[in-house]
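Open the model in your viewer and show the whole chain with its surface. The stops below go from the overall view to single side chains.

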Amino acid sequence: MGQTNINTPGPGSSGDGFGAGMIIGIILLILIVLVLVFYAGPQIFVNNTPAPGS
């Protein structure tokens, strides 16, 4: 008798979940990279070998 679907998404709301997931994933990747650089940075970027001729 003319039933309507209550759960239809409103206009412009398609793809919002995917976008939010992308943003959260990018933020998590950035945080992981920053933590790895913070903990392993001195071992990677600091050269502890003596200079030649010294």
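Predicted model: local features only at pLDDT ≥ 70, side-chain atom pairs only at ≥ 80, totals over all residues.

Of the 54 residues in the chain, buried ones make up 2%.

Switch to a cartoon view. The chain has 1 helix and 0 strands. Select residues 16-45 to pick out that helix, H1.

Next, select Met22, Ile23, Ile24, Ile26, Ile27, Leu28, Ile30, Leu31 and Leu34, and show their surface. Together these residues make a nonpolar surface patch of about 870 Å².

From this patch, take isoleucine 30, one of its members. Isoleucine 30 sits in helix H1. Is isoleucine 30 buried, exposed or partly exposed? The relative accessible area of isoleucine 30 is 47%, so this residue counts as partly exposed; the class lies between the cut-offs of 20% and 50%.

Now go to the aromatic side chains. How many aromatic pairs are there? The count is 1. To see the pair, select phenylalanine 38 and tyrosine 39: their ring centres are 5.5 Å apart and their planes stand at 75 degrees, so the pair is edge-to-face. The angle cut-off for that label is over 60 degrees.

Phenylalanine 38 is exposed, because its relative accessible area is 65%. Tyrosine 39 is exposed too, at 62%. The cut-off for exposed is over 50%.

Key:
Residues numbered from 1 in each chain as written. Heavy atoms only, no water. Patch = residues over 30% accessible without salt bridge, like charges linked within 9 Å, V, L, I, M, F, W, Y side chains within 5 Å. Areas by Shrake-Rupley, 256 points an atom, 1.4 Å probe, with all protein chains shown as cover. Salt bridge = Lys/Arg side-chain N within 4 Å of Asp/Glu carboxyl O. Helix = DSSP H or I, 4+ residues; strand = E, 2+ residues; numbered from the N terminus. Buried < 20%, exposed > 50% of the residue type's maximum accessible area, 1.4 Å probe, protein only. Phe/Tyr/Trp six-rings, centres within 6.5 Å; stacked < 30°, edge-to-face > 60°.
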